[in-house]
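Subject: Structure handover

Hi,

Here is the structure I promised to pass on to you. Please have it open while you read, as my notes go through it piece by piece.

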Amino acid sequence: MAAPGVLPCMGRLSEMPAALGRLSRAYSKSQAFTEVLQLPKRQLTKLVFPLQELERYLLPDSKPDLHLNTFDPSLDDIARAESFFTASARNRVEYLSSAVRLDHAPDLPRPEVCFIGRSNVGKSSLIKALFSLAPEVEVRVSKNPGHTKKMNFFKVGKFFTLVDMPGYGYRAPEDFVDMVETYLKERKNLMRTFLLVDSVVGIQKADDIAIEMCEEFALPYVMVLTKIDKSSKGHLLKQVLQIQKFVDTKTQGCFPQLFPVSAVTYSGIHLLRCFIAYITGNLKTN
Ligand code: GDP
């Protein structure tokens, strides 16, 4: 059943055109945002501003606020942010090191952002997608049960550090909460925590632990909704509206705007790159 406020014609609109899927995958390899800018307006919106695209399917008179304008950069801003993520001889984007404890973490002066989420939420895939403009970067995945999970540090030019935190939930190591908690509480240059939620299933019990941690330490954090290519538009809208309501009514430190993404179609990836560049103080949006 469609969520309240959702247009009833959703079923017919649920499919993403295959051509766009192909194009965005091809785009991710060819690296040129200029190609995206040449897409027809509707396809461009779908790829770059997925939340705006979703909002089109809400009834005008019962539109819940999706906070579309909280972070609303221009296409120029987004193009500028892409350059930070593009590896070159002068802009090194690379894996730096891993740590199991905060006191083993590299002491870096740059602003930092971290990505946390339940195991299987799509964190490695998302980080790989963010780094698709630096194909040399190896995003390490340690999925074997019992294998020590680590925090992985990536340098993005002279701009910021991105930290991939170990996945939590099922089979998380005992010391996981200690490791993550200490990092979140004590890392001085941590600018923003990106908390990943699977858009197919919504907020799960395991996510509550991370949400509570962020709230308790009064951290600024953002919810990123992964795998948006997997659901029908109707199901996705229902999840987005539920999560938005949760953010609006149950959280203090969470950024009001949600960031839906797909590591398969690259939908939302450009906007997320731009947001990271912005909150690390590297980009002033117009
Ligand atoms: P992690 O454990 O959080 O690092 O999750 P992974 O990145 O390994 O992803 C878990 C599973 O979800 C894998 O089978 C991925 O291929 C799949 N997956 C991740 N992101 C997406 C996405 O955006 N779309 C789809 N369709 N599948 C995804």
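**Confidence**

Please keep in mind that this is a predicted model. The average pLDDT of the protein chain is 85, and 83% of the residues reach at least 70. The stretch to treat with care is residues 1–30, where pLDDT stays under 50. The model does have 48 contacts beyond four places in sequence for those residues. Still, where pLDDT is low, the predicted coordinates should not be read in detail.

**An enclosed helix**

Have a look at helix α6, residues 123–130. This helix is largely enclosed by the rest of the structure, because 6 of its 8 residues are buried. Those buried residues are Lys-123, Ser-124, Leu-126, Ile-127, Ala-129 and Leu-130. What do they pack against? Their partners include two helices, α5 (75–85) and α10 (269–279). The strands β2 (112–117), β4 (160–164), β5 (190–198) and β6 (221–226) also pack against them.

**An enclosed strand**

Strand β3, residues 151–156, is another element to look at. Here 6 of the 6 residues are buried, so β3 is largely enclosed by the rest of the structure. In a regular strand the side chains alternate between the two faces of the sheet. In β3, Met-151, Phe-153 and Lys-155 point one way, while Asn-152, Phe-154 and Val-156 point the other way. Residues of both sets are buried, Lys-155 and Asn-152 among them.

Which strands does β3 pair with? One is β1 (residues 93–99), antiparallel to β3 over 6 bridges, and in this pairing Glu-94 stands opposite Lys-155. Another is β4, also running antiparallel, with 5 bridges to β3; here Phe-154 has Leu-162 as its bridge partner. β3 and β4 form a hairpin with 3 residues between the strands, and Gly-157 in that hairpin takes a positive phi near 50 degrees.

**Cavities**

- The largest cavity has a volume of about 80 Å³. Its lining residues include Phe-49, Pro-50, Leu-51, Gln-52, Asp-72, Gln-257, Phe-259 and Leu-271. Helix α4 (50–55) and strand β7 (259–260) each supply at least two residues of this lining, and the largest share, 3 residues, comes from α4. By class the lining has 9 nonpolar, 2 polar and 1 charged residues.
- The second largest cavity has a volume of about 30 Å³. It is lined by Ile-116, Tyr-168, Phe-176, Val-180, Leu-184, Ile-209, Ala-210 and Met-213. Helices α7 (176–186) and α8 (205–216) each contribute at least two residues. The lining of this second cavity has 8 nonpolar residues, with no polar and no charged ones.

**Backbone angles to check**

Most residues other than glycine have a negative phi, and most peptide bonds are trans. Where do positive values turn up in residues other than glycine? One case is Lys-227, with phi near 60 degrees; Lys-227 is in the loop between β6 and α9 (233–250). Another is Tyr-266, with phi near 70 degrees, in the loop between β7 and α10. Tyr-266 has a relative accessible area of 10%, under the 20% cut-off, so this residue counts as buried.

Happy to go through any of this with you.

Best wishes

Methods:
Residues are numbered from 1 along each chain as its sequence is written. Side-chain values use heavy atoms; hydrogens and water are left out. Buried means under 20% relative accessible area, exposed over 50%, partly exposed in between (1.4 Å probe, protein chains only). Helices (H or I, at least four residues) and strands (E, at least two) are DSSP runs, numbered from the N terminus. Contact means heavy atoms within 4.5 Å. pLDDT is the predictor's confidence in each residue, from 0 to 100. On a 1 Å grid over the protein atoms alone, a cavity is a set of points where a 1.4 Å probe fits but cannot get out, and a pocket is an open set with protein on both sides within 12 Å along at least five of seven lines; lining residues have an atom within 4 Å of a point. Grid points are joined across faces, edges and corners, and a volume is the space filled by probe spheres set on the points. Ala, Val, Leu, Ile, Met, Phe, Trp, Tyr, Cys and Pro count as nonpolar, Asp, Glu, Lys and Arg as charged, and the others, Gly among them, as polar. Two strands pair if DSSP finds at least two bridges between them.
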